[in-house]
Amino acid sequence: MRIARLALSAFAALWLILLTALLWGPRDAVAGGSEAWVITSFHSDIGVATDSTLTINEDIQVDFGGLQKHGIFRTIPLRYRYDSTKDRFYELTVQSVTNGTTPLQHNDYIDSDNQVIKIGDPDRTVSGRQRYVISYTVRGAMNSFPDHDELFWNVDGPLWPVPKQTVTATVHLPTAAFQKAACYEGPPRSTAACQHQDGSDSVSFTSTRRLGSGEQMSVVTALNKGVVTVPAPLLEERKRSFPQDAFEVNPLTVGVGLLLLVAGVGLIIRFWLVHGRDRAYLTRYYHTNDPAPDRPEPVFQHEPVVVEFEPPQNLRPAELGLILDESADTKDVTATIVDLAVRGFLTISEVPGKHDWLLTRKSGEVPGLLPYERTLFYGLFANGRQQVKISELKGTFQSTLRSAEGEVYADAMSRKFFRARPDLIRLATIGVAILIALVGAGLTFLLGVTFGGGLIGVAVILVGVVLLVMHSAMASRTAPGREVMQKTLGFRLYMTTAEKYRQQFAEKAEIFTQLLPYAIVFGCVSRWAKAFEGIDTSASNNWYVGNAPFQAAILSSSLESMNSSLSGAIASSPPSSGSSSGFGGGGFSGGGGGGGGGGSW
């Protein structure tokens with residue numbers, strides 16, 4: 001059943017996207033890159049005041065070697081995740097930047113919740129050994145616990161792109177404040193210990209080895225309770241980032257998301273049940289030209305296919321192709337060209353030694369053609385030409401093809417086979433599906449950064465995906481159209497099981513070529529030809545000239561090859577030209593225009 005297959009595809013796509021959304025979580029930042037300079041020493045002198053304000057002096061000594069640099073960046077995070085709804089932030093004020101004795105030009109600004117201190121003169125470069133001493137104060141960094149107060153400080157940070165040969169720190173405390181200390185080194189979350197030396201009013205910390213890019217040293221100092229005043233953490237509503245914080249899994253997001261998903265898919269199914277199913281006559285006694293009571297066809301009840309021995313209502317191959325799959329495509333058009341040949345309007349000749357065929361117009365009038373047949377015929381022999389090779393149609397037949405396909409749809413609508421043009425229904429459904437998915441994408445971002453409700457938006461996206469997968473099921477036939485479709489299925493069954501009727505074919509060999517275009521539409525040319533093995537069908541051939549004696553099997557093989565070539569040729573669009581040169585075959589690597597890139601400060 002068509003709707004069952006489409007539903008399985010839809011839910012497979014749905015599950016894949018939902019799984020991706022649920023697993024689309026935060027990623028640890030990795031400090032990348034390696035540059036040809038080094039931090040020879042990084043020392044931080046941290047003073048803890050009785051009001052818990054930190055005064056920090058960082059002495060950073062680097063060696064640029066022979067590189068020409070303006071200076072360095074120092075980036076210090078100001079915001080940290082506190083809980084599911086709040087962020088903790090620090091207040092940092094830069095006091096000075098020197099080389100130990102002389103002030104240095106610098107620019108301070110906040111970028112993505114980080115304090116950035118950009119040191120150096122944009123009009124001057126330096127090289128070799130350089131020293132940078134940064135002084136700043138921090139409020140809100142101390143932590144309070146029931147039995148102690150605590151400073152937990154990441155001294156240097158892991159995001160430097162170069163190694164640090166030594167990292168040291170000294171924490172200065174108020175009198176009688178010290179309780180205990182600890183030190184850790186390595187990548188984030190490492191528990192490897194570094195060295196510390198405890199004193200009465202200060203603690204010294206030292207890394208045990210060179211720290212590479214992506215590694216840092218963190219120090220912890222516990223203070224006796226009550227020596228310093230530690231205010232409550234500075235908190236505010238958490239600023240969410242996308243996608244890391246956008247997909248919280250909680251009863252609200254999961255419940256609303258599932259509700260929207262079920263409701264959306266339910267509406268799609270309801271629309272299909274009401275508008276997407278074919279109509280069926282309520283009684284077997286009706287006249288195709290008179291209105292008769294009908295209803296949507298039953299979902300789980302299908303009529304048996306009864307063999308039909310001729311095309312229903314004498315419809316042409318392309319008309320049956322459309323009623324069968326609700327699509328006018330190149331297969332229907334190529335079958336029409338063969339049908340025109342069988343009916344005596346043109347001949348088809350194999351070009352000796354080449355994988356090509358020559359179409360030749362027969363002289364005289366061409367009466368009785370349907371609009372789409374007339375469009376194809378005069379499109380093939382445009383500008384008064386009498387002959388055309390299939391290879392010559394490539395890149396020139398696209399507009400004729402599209403016009404003919406549109407007229408096939410118009411022909412079906414004039415016969416009232418469909419409730420609305422299937423191609424327009426599919427196009428409108430695709431447009432609505434894309435619109436729903438875009439709205440879902442917007443909701444995913446908006447709700448995700450607002451309160452972590454990105455899953456709600458994902459549910460809306462999935463509704464759009466389900467509708468997109470099911471778009472081809474939304475076109476429906478009228479009761480007359482469904483009746484013709486049932487007879488078409490019976491006619492196709494006759495042609496695909498034609499070997500049963502070989503005795504009849506021996507007495508009526510001309511039926512082979514008469515119905516051959518329908519075999520092309522039904523995709524059963526080989527089976528149809530096999531039913532005529534050993535039967536002389538040459539008497540009915542006055543339209544095909546091959547490189548071998550006329551036999552059903554040889555003709556069927558040649559027509560299948562021609563059908564493939566013809567489909568590729570008439571569906572090919574004209575080549576387009578761009579404005580680029582680049583010499584030779586058009587250039588590249590980048591294809592022209594400006595290129596992006598950058599480097600260090």
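Strands here are DSSP runs of E with at least two residues, helices are runs of H or I with at least four residues, and both are numbered from the N terminus. Two strands count as paired if DSSP finds at least two bridges between them. Looking across this pair, I found D198 opposite V203 in β15.

I reminded myself that this is a predicted model, in which local features need pLDDT of at least 70 and side-chain atom pairs count only at pLDDT 80 or more, while totals for chains, interfaces and linings use all residues. Residues are numbered from 1 along each chain as its sequence is written, and side-chain values use heavy atoms, with hydrogens and water left out.

Next I looked up helix α3 (residues 317-325), which packs with helix α4 (residues 330-342) at an angle of about 160 degrees, their axes 8 Å apart. Axes are lines fitted to C-alpha atoms, for helices over the stretch in contact, and angles between N-to-C directions run from 0 to 180 degrees. That angle makes α3 roughly antiparallel to α4, since angles over 145 degrees count as roughly antiparallel, under 35 as roughly parallel, 65 to 115 as roughly perpendicular and the rest as oblique.

In this contact (heavy atoms within 4.5 Å), P317, A318, G321, L322 and D325 of α3 meet K331, D332, A335, T336 and D339 of α4. I sorted the contact residues into four nonpolar, two polar and four charged, where Ala, Val, Leu, Ile, Met, Phe, Trp, Tyr, Cys and Pro count as nonpolar, Asp, Glu, Lys and Arg as charged, and the others, Gly among them, as polar.

I also checked α3 against helix α9 (residues 479-496), and there the angle is about 110 degrees, with the axes 9 Å apart. That makes α3 roughly perpendicular to α9. Here L320, I323 and L324 of α3 meet G481, V484, M485, T488, L489, F491 and R492 of α9, and the residues divide into seven nonpolar, two polar and one charged.

Last, I noted for the protein chain that there are 13 helices and 23 strands.
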